Amino acid sequence: MNLADSSLSSPILDYLRFLHAKYATLDEGAVATYIPELAKADPSLFGICLVTADGQIYEVGDSQHHFTIQSISKPFVYGMALEDKTRTEVFTKIGVEPTGEAFNAISLEPGTGRPRNPMINAGAIAAAGQIAGKSQNTRLQRILDTFSLYAGREVELDSSVYQSESDTGHRNRAIGYMLRNFDILTEDPLPVVDLYFKQCSLSVTCRDLAIMGATLANHGVNPVTGRRAIRGEYVESVLSVMASCGMYDYAGEWIYRVGMPAKSGVAGGIVAVLPGQLGIGIYSPPLDVRGNSVRGIKVCDDLSRHFDLHLFNSPHTSSSVVRLEFNGSEVNSSRVRTLEEASLLRTAGRSILVLQLQGNLVFSTAEVVVREAMKDLGNRRFIILDLKRTLVVNESTCRLFHQLLLKLASSGIKLIFTHIFRAPMLRRYMKAKLGENWTTMFHFFDDNDPALEWCENHLLAELQPNHPVEASATHSEYDMLEGLKPDEVSIVSRLFVRQQYRKGSVVVNAGDAARELFVLARGTVSVTVTLASGMQKRLATFSPGMAFGEMALLDESPRSAVVMADTDVECDLLPIEAFEKLEDTHPHIKIVLLRNLARHLSTKLRKANREVSIFDY
């Protein structure tokens, strides 16, 4: 999926656009001229592409402009050599030590003549000599096929650049003869050097480079096509030499500052890889004195710092950051609603999306969360991110979530966080960034249940703008008396005992003897239980007209939960003895009461069944 043209773009794409605008006017460096065809490049061309390890593509600028891959081909051909000849045999021909020298340095081990590493020209030519094939055409076709697997499309040779390289590549031919002298190459070196010229002249885009990088990040499988480009056991070897040698005499500072295995090319391309997470491709022809893209270096530096992409600052990421996804029509809050309210929320509740997250929230996993949150926004009003099972929330995640919050708010969608105690950095970050808007924009709750109730209340307020808030209920409005005639309601009313409770007081305590049924006449109460962790969990909140404690009428077992008065309340208590006498005096009334209570119990059971099916306890 490509998000370049999304109507409400991702914060990741927004940041790539910011970087492109920031560096597009940078006027430093010069295009390569030692290969005449490269000197024709337009220095204003500039593209950036980022591809995640699960195939999400973000691209800006000239991301699909074609240029030649040049030295970026080296690690991929080296991977082919490893597959063809094994690590042990290749290691006898090519070392893996960084040189700190330029890309075209003639750096051979004294005595053995072995190139220091496969990223300098000598090592790359030696690697080309290890590619299996009965003829040079066969070897070239294998390289083309392999690069096509990496890029996810058919890669072709740029004949003009190849000819230009061949016409000026005398130094590389000299290196070829030196390698032949030491038996690193065991055949005529000229065809091998010619193959090297051709591998460097393959036409790619920075989108191709990003997908190729993401393929390495994904253990050798192209995340866009699902096809394997290199056996997984050799990916670590390729990434190792990219990390230590890929940026030549800038390799040490690169890994220190940017912290990602990478490879540059003199046509202006750079590919960078964060294992397990993403690949980055950048194209900008002007080079610095080391032969690296000036804009490319700066973009990678900024990306690494902004999204915490440094290889040695990246905790383990879980395979699936979104543990569970559901909406407010599938799971509602514990606030017991009237039949009318429940009916409205069965439809409107779909606009509430809950994403239960797990594991470490770093750039690659936070990107998945942002992507999921931005799906189907036309049908969303609220998005709840549940952090209960998260382990780490780093600064790059805070940045992405902050941008997500602003984007959603601009479309009238509220982003809500639950179990925020798991992410103290996120709370501090939001407070610093939102400033005076902190209290109105940053919504957070200790648990999903109050968050869902808050969302439901907002929906109901919009759907019932003139609906009065029920502060009290008359006997005729009691749910359990529904279906009774006025004279029958009066009969039951005479059995009630009115009781008052102050806000915060205990109405029912766990372990109490069950001797009565409660009907709430005024105020609200909440039912809670104590979990093994010692925390209180709300099971339900009741409004005027609703009954609770009905289990006492069925088994007379001790109370199993605590009922607290959320406000000053008045309750009508129906003693068990009075209820039982109705069987003799007014059996029809008792049947109606039992039917209403059974209906309410079945509603609770259906809710529990839905939650079990979703949460898979």
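Two strands count as paired if DSSP finds at least two bridges between them. Helices (H or I, at least four residues) and strands (E, at least two) are DSSP runs, numbered from the N terminus. With that in hand, take strands E4 and E5 (residues 202-204): they pair in the antiparallel sense over two bridges.

What you're looking at is a predicted model, where local features need pLDDT of at least 70, side-chain atom pairs count only at pLDDT 80 or more, and totals for chains, interfaces and linings use all residues. Residues are numbered from 1 along each chain as its sequence is written, and side-chain values use heavy atoms, with hydrogens and water left out.

**The whole chain**

- The chain has 20 helices and 21 strands.
- Its C-alpha atoms fill a box of roughly 115 × 45 × 35 Å, taken along the principal axes.
- The radius of gyration (taken over C-alpha atoms) is 34 Å, while a compact globule of 617 residues would have one near 25 Å, going by the rule of 2.2 Å times the number of residues to the power 0.38.
- Buried residues make up 56% of the 617 in the chain; buried means under 20% relative accessible area, exposed over 50%, and partly exposed in between (1.4 Å probe, protein chains only).
- Take the contacts (heavy atoms within 4.5 Å) between residues at least 6 apart in sequence: 75% of them join residues at least 24 apart.

**A three-stranded sheet**

- Strands E3, E5 and E4 form an open sheet in the order E3-E5-E4, with antiparallel pairing.
- E3 (67-68) and E4 (156-157) stand at the edges with a single partner strand each, so one side of each has no neighbour in the sheet.
- Glu156 has Ser203 in E5 as its bridge partner.

- E7 (residues 269-274) is mostly covered, with six of its six residues buried.
- Both faces are covered: Gly269, Val271 and Val273 are buried on one side, and Ile270, Ala272 and Leu274 on the other.
- The hairpin of E6 and E7 has four residues between the strands, and Gly268 in the turn has a positive phi of about 115°.
- E7 also pairs with strand E8 (residues 278-283), in the antiparallel sense over six bridges; here Gly269 has Tyr283 as its bridge partner.
- Three residues sit between the strands in the hairpin of E7 and E8, where Gly276 takes a positive phi near 80°.

**Nonpolar cores**

- A nonpolar core is a set of buried Ala, Val, Leu, Ile, Met, Phe, Trp, Tyr and Cys residues joined through side-chain atoms within 4.5 Å.
- The largest one has 72 residues, and Ile69, Ile125, Phe147, Leu179, Leu209, Met212 and Leu216 touch the most other members.
- Helix H8 (residues 206-217) gives the most to this core, with eight residues.
- Apart from it lies another core of 67 residues, among them Met260, Phe417, Leu434 and Phe442.

- Helix H2 (residues 73-93) holds Lys74, which counts as buried because its relative accessibility is 1%.
- Helix H14 (residues 395-410) has 16 residues and reaches 23 Å from its first C-alpha to its last, close to the 22 Å expected, which is 1.5 Å times one less than its number of residues.
- Among the buried residues in H14 are Cys398, Arg399, Phe401 and His402.
- Just after H14, Gly412 takes a positive phi of about 80°.
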